[in-house]
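Please take a look at the protein chain below.

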Amino acid sequence: MSTRPLPYSMQDVDYDNAKFRHRSPFKVITQALVTSSIRYDCGRCSIGKFLGLLMIVGLTYLMVGHKVSNHSPPSELLDGLVVGEDKLSKGVVHTIARSWRKPPRLPPQLPPAEVRNDTSNFDQKKLYPMSEWISRQQKVKETFHHAWSGYRSYAMGYDELMPLSHRGIDGLGGLGATIIDSLDTAMIMGADDIVSEAGMWIEKHLTERINTKGQVNLFETTIRVLGGLLSAYHLSGGEHGTLEDSGISVTLEGAKPEVFLEIAKNLADRLLSAFTSSPTSIPFSDVILHDSTAHPSPDGMSSTSEVSTLQLEFNYLSKISGDPKYGSEAMKVLEHLRTLPKVEGLVPIYISPQSGQFNGENIRLGSRGDSYYEYLIKVWIQQKTGRNSQLKYLYEMYTEAMKGVRHLLVRKSIPKGLVFVGELPYGSNGGFSAKMDHLVCFLPGTLALGATKGITKKKAVEGNLLTAEDLENLKLAEDLAKTCFEMYSVTSTGLAPEIVYFHIEGGSEGGPGGGNKSSEYVNDIIIKHNDRHNLLRPETVESLFVLYRITEDPKYREWGWQIFEAFEKYTKVDSGGYTCLDDVTTTPPRKRDKMETFFLGETLKYLYLLFGDNNVLPLDKFVFNTEAHPFPLN
């Protein structure tokens, strides 16, 4: 943790802001005369001199005490909390003290709107009662059922559904990825029929698939399949005495928690070959399941995000299995990355498992870079007992990286000033690209989580737990969330494209907008022809969920509801399932023939949680992997 002073101190508590406002000449003269009289009378006798000296010593003590006192919240947070204080004595002391000291400088404080959730610009008519959000949550559950019905009818056992052509496709190794990715979503929603159906399929078929299938990607299989099995293990009661923290209850017929654990161990044992086959601490990208061998990708490179987004899953498996080998191998990656040179904490998006060194200079928080930064803070949060000891380096790496993001990658668009995160395709010495993937919209949630560690902003401020840097990251999180939402609002469909560019001062980017001419930001956002597709991605609603939990600002729910309605209007396939889109800038949009597993595993899960009770999977007790599978903190 940072040892720098927090942004508030006892100096903030008793500031008299009248000192910095105009005072009448009469008041100034009167105060001066009274003060002069007191000094004169006291000074005429020895007792008066003694008392004056005593007063000087006392005031010196008070002033020094103010400077070295412990950090405390700003004064507005303390109003009403001090009971029985002798206000008269306090006022006298302050009056005397003001005549002996220079006016102090104003401290860094949160404005009142920052301390209390600022909904002044929010339509109060939209502050719906909880019953309305329960109704909306139920609509998300109905969407999940419709998505599952299409998959079950046309693609059961395949990785993904092609909803328009009514068939399945294996694009993730043939392990039935949609089933496993969806299982904990069904548990959270209380969709017991789907839980039972998915659980029985896993128990009956998955072990055979793992033992006989060929090549899979280490990263995708870990976050979707291994992560899904581990989350299902916990949510089905695998860890006795811990499920009540989740705020949900699951009635699971068919597969038992121990079945999920045994299958997860079998899969992980085979995935470990990616680590043990590599000559360095950086694992190979691909694994052959049936013979437990591994090899690098055709170009020999691994993605930085992929090798550093395995640790939550393998750490949790070590915890519940009692075998440290899983977490040990995965953590070697982060320990190695710690030693490599970086650009203000930022890293290139490729790394070589042969040399263990970064390859190229391309720096971005979109594809191949994103979850490296996400897992730095999440792995640190997951391991509560090691936060201030052996894992402190992860927090320091995260903190340095976020400073680098703010310094090198954050810009504002013109003319309306949307805050966004760009790229450095040729490193810090090359040009800046005003390009932002939708994938970058994970960052607002990660920044907020890193600032408060999962508790609400209000509680963090009241407990004086936020540093100045935490506050800066929270502000950036909210600004970026606004930008991510406007990436949806600027299009004709209300759905975001895969990539956008921003108009910036001195920039050369140009091109068409999103099609929604009524958008305030129609001239800030550029959507190129090849980037107009939508893959049902979850990153924005993920950040809206986290920010709502932390700030308790209802606008994030409203934004989520608008996005959900757009998904429902334009991506639903009547015969079952939902589909990706080719072009979000025209209506009706052209449809692609694919339903990604993460639509059920992430997008609908985060929307459901956004509209629900904050006590379900609380962020100070659970951490979500990059595929939205929740694990309890250790």
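The report runs from the whole chain to single residues.

This is a predicted model, in which local features need pLDDT of at least 70, side-chain atom pairs count only at pLDDT 80 or more, and totals for chains, interfaces and linings use all residues. Residues are numbered from 1 along each chain as its sequence is written, and side-chain values use heavy atoms, with hydrogens and water left out.

**Whole chain**

The chain has 22 helices and 15 strands. These are DSSP runs numbered from the N terminus: H or I of at least four residues for helices, E of at least two for strands. Of its 634 residues, 55% count as buried. Buried means under 20% relative accessible area, exposed over 50%, and partly exposed in between, with a 1.4 Å probe and protein chains only. The accessible surface comes to about 26,800 Å². Carbon and sulfur atoms hold 52% of that surface. The areas come from the Shrake-Rupley method with a 1.4 Å probe; for residues, only the protein chains shown count as cover.

**Annotated sites**

An unreviewed UniProt entry places the feature "active site" at Glu220, Asp370, Glu498 and Glu539. UniProt positions are given in the numbering used here, feature names are shortened, and annotations may be inferred rather than shown by experiment.

Two of these positions are described here. Asp370 lies in helix α15, residues 370–382. Leaving aside neighbours within four places in sequence, Asp370 is in contact with Ser305, Leu365, Leu439 and Phe442. Glu498 sits in the loop between α19 (468–489) and β12 (499–502). With the neighbours within four places again left out, Glu498 contacts Asp437, His438, Asp531, His533, Leu535 and Arg537.

**Disulfide**

How many disulfides does a search of the whole structure find? It finds one. A disulfide here is a pair of cysteine sulfur atoms within 2.5 Å. The bond joins Cys441 to Cys484, with S to S at 2.0 Å. Cys441 lies in the loop between β11 (435–437) and α17 (443–452) and Cys484 in helix α19, so the pair ties together parts that are 43 residues apart in sequence. The torsion about the S-S bond is about -100°, so the disulfide is left-handed.

**Buried residues**

| Residue | Relative accessible area |
|---|---|
| Thr178 | 0% |
| Asp370 | 14% |
| Cys441 | 0% |
| Cys484 | 2% |
| Glu498 | 13% |
| Cys580 | 1% |

Thr178 is found in helix α7, residues 177–189. Not counting residues up to four places away in sequence, Thr178 touches Trp148, Tyr151, Tyr158, Asp159, Glu160 and Thr597.

**Helix α16**

Helix α16 covers residues 392–409, 18 residues in total. From first C-alpha to last, α16 reaches 25 Å, close to the 26 Å expected at 1.5 Å a residue. The expected span is 1.5 Å times one less than the number of residues. The buried residues of α16 include Tyr393, Leu394, Tyr395, Met397 and Tyr398. Further along, Val405, Leu408 and Leu409 are also among them. What covers the buried residues of α16 includes α14 (325–339), α15, β9 (410–412), β10 (419–421), α17 and α19.

Key:
Contact means heavy atoms within 4.5 Å.
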